[in-house]
Amino acid sequence: MPLTSLSHGAGCGCKLPAAAIGALLADVPAASNPNVLVGFETSDDAGVYRLRDDLALVHTADFFTPIVDDPFDFGRIAAANALSDIYAMGAAPVSALNLVAFSLRELGEQLLLEILRGGASVAAEAEVAIVGGHSIEDSEPKFGWAVTGVVHPDEVLTNAGGRPGDALVLTKPLGAGAISTAIKRGLDGARLSEAVAVMSTLNRDAAHAAREAGVHALTDVTGFGLLGHLHEMSIASGLAAKLDAEAVPAIDGVLGLLGDEDQRSVAGGTRRNRAHAEQFATFAPAVAEARRWLVCDAMTSGGLLAALPASRADEVPGAVVGRLLDGPPGTVSVA
């Protein structure tokens, strides 16, 4: 049975809408503990708690419904996606807990074992210890990790440090949401193998390169799309942003899928992202429709978005896709 046939959404596209989450969190009291270095106020990738003067713990949890049918690949992608939050904070992951929602009665033990094996393969690559987990009965499979990382309190990277004139570098191509949706709907042109390779690649090396290049702000691009995560970075940094749509890299075949008039490859999460973007983003008339969808693609296990001095942008693997500038915080112009 194809895993994706069991889920209402795919991967990070099953997130609650960004607009709804923001409104909900506005009514949740923020942590008052002085050792909380990063909470949820700036919509960052993970929370940071100072344990000692020379040690902070970084906490995140991330799980989602299947974005591919192969259970081993699903496990790999979900694990890499969870680790990305730790790398985006400039930290090193050390341990993980499996988070499982699954029906053994309906799907059998072997399928779950393959998902867990996929996650374990990424743990070995990242030198992360899986130390336990939690499972519940659920007919719609879900898998992910709760991850703990470590970092020196003075070396935490956040999405709030951007400076005017910073170049924006994106380290992975976009389009996993479109490919997953196209496959689910039986459309041609979806290159699954390349999408799996992109989603299962760790952001560890890219994060290291960004730090070495003097990065000012860092985040990863997942379910809220490039525009949504750039919006969060811009708000947190108190700046506006300009995005070059033609410079945004896409997984092979994605622009063709998104350019179809019937828009059957546009994921539900991507549609929600674009509707949300209407509140803060403007598109130049020349921006093609396929590229408007691409920058809103509900990406799963995407790359890092780094804001750093323009003179050092070529030191980070990826594409320069725009810049930060003075202007109304959180606004993004796409040209």
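E127 counts as exposed, at 69% relative accessibility; exposed means over 50% relative accessible area, buried under 20% and partly exposed in between, with a 1.4 Å probe and protein chains only. This is a predicted model, in which local features need pLDDT of at least 70 and side-chain atom pairs count only at pLDDT 80 or more, while totals for chains, interfaces and linings use all residues. Residues are numbered from 1 along each chain as its sequence is written, and side-chain values use heavy atoms, with hydrogens and water left out.

E127 sits in the loop between α4 (109–126) and β5 (129–137). Helices (H or I, at least four residues) and strands (E, at least two) are DSSP runs, numbered from the N terminus. The phi of E127 is positive, near 55°, in a residue other than glycine.

S301 also has a positive phi, about 50°, although it is not a glycine. Its loop lies between α11 (289–294) and β11 (304–308). Is S301 buried or exposed? S301 is buried, with a relative accessible area of 0%.

Now step back into α4, the helix that E127 follows. Its 18 residues should span 26 Å at 1.5 Å a residue, and its end C-alpha atoms are 26 Å apart, which agrees. The expected span is 1.5 Å times one less than the number of residues. The buried residues of α4 include L111, L112, I115, V122 and A126. E114 is buried too. An α-helix has 3.6 residues a turn, so residues three or four places apart point the same way. The cover over the buried residues of α4 includes α2, β4 (92–102), β5 and α7 (204–212); contact here means heavy atoms within 4.5 Å.

At the start of α2, a side-chain oxygen of D70 reaches to within 3.0 Å of the backbone nitrogen of F72. After α2 comes G90, with a positive phi near 80°.

What lines the second largest cavity? The lining residues are T4, I67, V68, D69, I183 and L192. A cavity is a set of points on a 1 Å grid over the protein atoms alone where a 1.4 Å probe fits but cannot get out, and lining residues have an atom within 4 Å of a point.

Conventions. On a 1 Å grid over the protein atoms alone, a cavity is a set of points where a 1.4 Å probe fits but cannot get out, and a pocket is an open set with protein on both sides within 12 Å along at least five of seven lines; lining residues have an atom within 4 Å of a point. A polar contact is a pair of N or O atoms within 3.5 Å; within protein, one must be able to donate a hydrogen and the other to accept it, and residues adjacent in sequence count only if both atoms are side-chain atoms.
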